Structure formats: structure tokens, C-alpha cells
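I opened this notebook to record what I looked up in the structure. The entries follow in the order of my reading.

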Amino acid sequence: MDPGSVVVMGFVASLCASAGTALGSLGVFTIRRLSRRMEDGLLSLAAGIMLAATFFSLLLPALEYGSEHYDSSLAGPLSVAGGTFLGAAVLFLIHQYVPHEHFSRGREGSDAYKLSRIWLFVTAITLHNFPEGLAVGVGFAGGEVKNGVTLAIGIGLQNIPEGLAVAVALLSVGYTPLRSALIGIASGLVEPVGGLLGAMAVATLESLMPWALAFAAGAMLFVISDEIIPETHNNGNQNLATFTLLGGFILMMLLDTSL
Ligand SMILES: [Zn+2]
């Protein structure tokens, strides 16, 4: 497949995945409030889907490409290990320098304080949509349409609860349902940007493929471990969170192996 179609497919697929965010954001018109328990359960479900996508659609193909591209049996796995670490390290650095709030919406305080916390939460979700877009884009590496489409479906699915969480949070501080939904939709538009960049990287430089897939995997693992798991286990809902994460993982694993 020519590099141009890889780029187009990566971009279009990540745009489709961000439709999940839009769908979830529009949910604010019917679901006006999420209990803490519901939010923890839903965000954990999203994390489970992300986790399985990381393994089955990013790391496994990365290891396959790695062994194809390098002659020595050690260089492939090592480049995947290096890429994974790099992805997590870059996300770590971004988190150090970009002000954001972890997914937790924090204590209720003065209105201005609460408002700024909500905006930091929106920033956190927006930031984590970038590696997700990147994952979808690099998923098309080597013209692997099936892998890219599976990733887009998985990421699109887990975007639904994330979009809903953003829009409901904005509604709770006094934004109108329409504005809450529109800002939620906008938070998902980072995804096609990541998708375009990821697809361009693997389309132009084939030797980058194991690195790029592993990089996206490391970035996703960082977000799951640094944000979603701690925050969803912080409010007494850890049993529910563990099992919805497991449910999401199984769902994505089945999706990946049955498509
Ligand atoms: Zn996510």
C-alpha cells in the first residue's frame, strides 16, 4: 500500500474515533449528572479498553515488525522496549510542564476554584486524547488496515464515557448543555491531529514502525497508570473499578481477535 493511503486512512480513522467523544458529549442532554461511582466505573471501563488495545494492537504488531526489520533476534524486542519507555517518558515530561488536573474532579470549593479544577480536568482528558489518536494513526503502519480499524473502534468506544464525563463536569459548573457538549466535542479533536502525525511518521519512515507503535503503547500505559487507575480507586469504588477495567480489557481483546 502506498504511504499516501496510510496517511489518509490513519487520519480518517482517528477522526472517526473522535466521533465517540462527540457521541458521549452529546449524552449530556439526557444524562445530566454522573454519580462518583458511575464515573469511576465508566472511566475504568475506558482504561480496560485502552489497556487491551495497547497490548494486542500496538505491542504485538510492534514486536512482529521488530523481528522482521532487524536481523538479530535481540534488536527487535529491544527497540520495542526502548520505544515503550520513550513514550511513557515523553508523556511524563508533558505532564510535568502542562498544568492539568488528574481525572479526579476534586473537593468542592469556592466557585472560582471549582471552575478552574473542572477546566484542568477537561485539559487532562484532552491531553490524553493525543496518544490515543497517535495509536490509531500508527496502527495503520505497513498498511495493516485491520489493525488500524480495530484500534479505531476500540478507541472510539472508550471515548464515549470520556466525552460524557467531560460534558457532565462542565454542566455541573453552570455551562449550558449545548456549550458543555460543544467543549466536550472539541476535546476529542486532538485525536485526528495525533492520528495524522502518527500515520505520517510510519508512512514516511518504515524503520520507525516498531518504535512508533511501541511509543504509542508507552504513552497509553503512562496515562492508564498515572491518571485513570489511581483516580478511579480513590473514592471507595476500587472493586467496581477493577471489574469494569477487566470488562473493558476482555471486550477489546475479543474485538481484536474476532475481527
Ligand atoms: Zn482514553
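I took as metal donors the N, O and S atoms within 2.8 Å of the metal (3.2 Å for Na, K and Ca); water is not among the atoms, so sites may look incomplete. The model is predicted, with local features needing pLDDT of at least 70 and side-chain atom pairs pLDDT 80 or more, while totals for chains, interfaces and linings use all residues. Residues are numbered from 1 along each chain as its sequence is written, and side-chain values use heavy atoms, without hydrogens and water.

I read the spacing of the zinc donors along the chain as M-x77-H-x3-E-x25-Q-x3-E. The zinc ion is coordinated by Met-50 (SD), His-128 (NE2), Glu-132 (OE), Gln-158 (OE1) and Glu-162 (OE), at 1.9 to 2.7 Å. His-128 belongs to helix 4 (residues 111-138) and Gln-158 to helix 5 (residues 145-172), so this pair ties together parts 30 residues apart in sequence. Helices here are DSSP runs (H or I, at least four residues), numbered from the N terminus.

Entry on burial. I called a residue buried under 20% relative accessible area, exposed over 50% and partly exposed in between (1.4 Å probe, protein chains only). His-128 is buried at 2%, and Gln-158 is buried at 0%.

Entry on rings. I counted rings of Phe, Tyr and Trp (its six-membered ring) as paired if their centres lie within 6.5 Å, with planes under 30 degrees apart stacked, over 60 edge-to-face and the rest tilted. The whole structure holds 4 aromatic pairs. Among them, Phe-55 and Phe-249 are edge-to-face, 6.3 Å centre to centre with 65 degrees between the planes.

How values were computed
Helix = DSSP H or I, 4+ residues; strand = E, 2+ residues; numbered from the N terminus.
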